[in-house]
Amino acid sequence: MSFQAIIDGLIAGTTIGLGAIGLTLTYSILRFANFTHGDFLAWGAYLTLSVSGFLGGLVASLGVTTPLGPFSFGWGLPVSLIIGITLTILLTMALDKLLFGRLRRRGADAIIIVMASFGASMALRSLLEFIYTANPQYLTRELQIAEPLGLGMRATPDQLLTIGLTAVLVVALNLFVTRTPMGRAMRAVSENPALAGVYGIEVQRVIRVTWIIGAGLACVAGVMSGLLVQIRPYMGFDLLLPLFAAAILGGVGSIPGAVIGGLIIGLAEAFAVQIFGAEWRAGVAFIVLVLVLLVRPTGLFGRPS
Amino acid sequence: MTALSVTDFQAGYDPDLPIVKGVSFDVQVGEAVSVVGPNGAGKSTLVKAIAGQVICLGGRVQLGDDDITGAPSHALARRGLGFVPQTENIFTQLTIRENLQIAAELVPASKRADQIDKMFDMFPDLKERPNALAGALSGGQRQMLAAARALLTDPPVLMLDEPSAGLSPKLVGQVFDTLRRIHETGVTLILVEQNVRAALEITTRALVLVDGALAHDGPTEALRDGKTLGQLFLGQSPERAQA
């Protein structure tokens, strides 16, 4: 067994963790398991890819694709990512306005909203396949050499960047949720939406901010995954179960929990591949999930309701 | 001057099944009014509906000169209608200070710290551990925090739904002392209570609700003899009950 599984697990875990943050926020504030969240990752990646291609065609002479330092991408990708995040947020807001918001206003049961999200997930995925085809696409075609990190571990600059970016985003988001008025309002709505109204909190505004954060992080996670592997219409769907596992493992509603849950799932998958073989990848991750929940049913950082 | 005016008000959880049936009353500025009645009379539904927590099915509610009929609860809190629900009236997973900080968002930024300090002075128990989770507070302290939260914005009208429910007799005494002090600061108080005797002690006027309708509206003195109140609770007309 080599230590490389640690790096592989951390890299996979950061993508899962970032995606799981949006899922755990949606679950704790809107109170439903959002199956479209995986598709937000895929849409974020494709929208960023489209903007990146558009920028490349528009201002190719400005070195949009010329690699930045040790990385495989040019300045066009960060700019495209910002526009991609904006477009992904607009997509989620539109979906909430057309579907989830209407169901909420009509007092639909959580299971109805979950099934609606399942249907919307399939529609979003099919739409991606229709627009972009099922062929894999790439944000960059530059080759990168994995640099030695010691103890036999290796990682490319892009891979290390995703770990660093995740750490920065998680710290920033945790400060936002614990130190700002909107963060307090989000935690209040998560505990008791009716009481939040009595305190003067506009719950609809909190819901909008939740979608914005969830969609933004989903787009970043999708682009990170696309940068390191490839972009496919099913990439979000394939990540959906690990995302749920990470959110539940970390404790529903906990942002650090979602990330740590993601890292645990990522590491479990990486070690499972090395020890048992690739076919055990998902199975071992779920065994870890079940074992943790048997000992701590609220997840690692969840509080009893 | 009228602080709150309720006219032919109907409310309930199901549009076809009103629980509050055509209730009308006015509360004057600075008045302390208790709303009493037997179990299931619709007392809590009445105040919850006024506070935007239950569907308003008809009638009109005015806060001062503003028509607030059917307004959402967050808008009512911003307009100055304080409401303390019976249960689950604080955020247990937030600290005591965070509970107050959320309420303080409704006052101008320059006054927030002062208002929070004012509440800590009014409720010294809360000042001892401001960064403790509110869920760690005792039943009485929770009611103090709920009242502090509602008072922090200096609301002209404060409605409380059974603040003594589930508390020990000693804590009930503390809660009613607090309510008396609150009323002495000039806040208009509307108090829904099962503990009728204690409620009548600190209020000057009582509304008796029976089966969703107003059975009596008058000074509390008229009800302190217990017998009249008992007859009203059993559904006798106010004239017969007082005869």
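A: The answer below begins with a sheet, goes on to other strands, and ends with pockets.

The model is predicted, with local features requiring pLDDT of at least 70 and side-chain atom pairs counting only at pLDDT 80 or more, while totals for chains, interfaces and linings use all residues. Residues are numbered from 1 along each chain as its sequence is written, chains are lettered from A and ligands numbered from 1 in the order in which they are written, and side-chain values use heavy atoms, with hydrogens and water left out.

In chain B, six strands make up an open sheet of mixed pairing, and their order across it is β6-β7-β8-β3-β9-β10. Helices (H or I, at least four residues) and strands (E, at least two) are DSSP runs numbered from the N terminus, and two strands pair if DSSP finds at least two bridges between them. Strands of a sheet pair through backbone hydrogen bonds, either parallel or antiparallel. The edges of this sheet are β6 (81–84) and β10 (213–219) of chain B, each of which pairs on one side only. On average, neighbouring strands of the sheet are turned by 15° against each other, direction ignored; for such angles, axes are lines fitted to C-alpha atoms, for helices over the stretch in contact, and values run from 0 to 180 degrees between N-to-C directions.

Helix α1 (residues 43–50) of chain B lies across β3 (32–36), β6, β7 (157–161), β8 (188–192) and β9 of chain B, and runs at about 140° to β7(B).

Strand β1 (residues 2–11) of chain B runs antiparallel to strand β2 (residues 20–28) of chain B, the two being joined by seven bridges, and V6(B) is found opposite F25(B) in β2(B). Six bridges also join β1(B) to strand β4 (residues 56–63) of chain B, again in antiparallel fashion, with Q62(B) of β4(B) as the bridge partner of S5(B).

Pockets come next. On a 1 Å grid over the protein atoms alone, a pocket is an open set of points where a 1.4 Å probe fits, with protein on both sides within 12 Å along at least five of seven lines, and lining residues have an atom within 4 Å of a point. A volume is the space filled by probe spheres set on the points, which are joined across faces, edges and corners. The largest pocket has a volume of about 1,200 Å³, and among its 44 lining residues R187(A), S190(A), E191(A), R303(A) and Q93(B) lie nearest its centre. Elements giving two or more residues to this lining include α1 (4–30) and α4 (110–132) of chain A, as well as α6 (139–151) of chain B. The second largest pocket holds about 800 Å³ of space and is lined by 24 residues, with R104(A), P193(A), V203(A), Q204(A) and I207(A) nearest its centre.

How values were computed
Contact = heavy atoms within 4.5 Å.
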